[in-house]
Amino acid sequence: MNITIIQAAMTHDKENGYKGSVQFEVEGHKHPYEITLQLNSLRGTTWDYSLLFAKEPGPEEQIHAVEAAIEQDDDLFDSLIDAAAATLPEEEQEEAQS
């Protein structure tokens with residue numbers, strides 16, 4: 001699945017861990033998506049996420065296809081995390097990406 005990042009951001013604080021969001025387009029899909037990410041290092045090392053259409057609703061089968069791709073393709077999911085983490089100060093980027 002080919003994606004293009006539109007916008008990304010991430011924040012970090014000790015209480016809530018890492019929180020990020022990435023807006024992206026998928027080749028062949030009409031509407032962009034937004035994924036929100038959260039990693040609370042006190043609870044573990046697994047990223048939680050939520051996937052939505054970024055601007056207006058689109059076909060349900062397309063969002064299901066994107067969600068399936070994120071679940072199956074670690075490189076795709078990692079690229080979304082990396083895009084958000086790249087917006088952090090340099091000293092925090094490595095921790096967020098590991």
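A: The chain comes first, then one residue. This is a predicted model, in which local features need pLDDT of at least 70 and side-chain atom pairs count only at pLDDT 80 or more, while totals for chains, interfaces and linings use all residues. Residues are numbered from 1 along each chain as its sequence is written, and side-chain values use heavy atoms, leaving out hydrogens and water.

The chain has three helices and four strands (DSSP runs numbered from the N terminus: helices are H or I, at least four residues; strands are E, at least two). Starting at the N terminus, the order is β-β-β-β-α-α-α. Of the 98 residues, 35% are buried (under 20% relative accessible area; exposed is over 50%, partly exposed in between, with a 1.4 Å probe and protein chains only). Contacts are heavy atoms within 4.5 Å. Of those in the chain with a separation of 6 or more, 39% join residues 24 or more positions apart.

Now the close look, at T4. This residue sits in strand β1, which spans residues 3-13. T4 has a relative accessible area of 47%, so it counts as partly exposed. What does T4 touch, beyond its neighbours within four places in sequence? Its partners are Q23, F24 and E25.

For reference, take a helix residue. D78 belongs to helix α2, residues 74-85. D78 is also partly exposed, because its relative accessibility is 37%.
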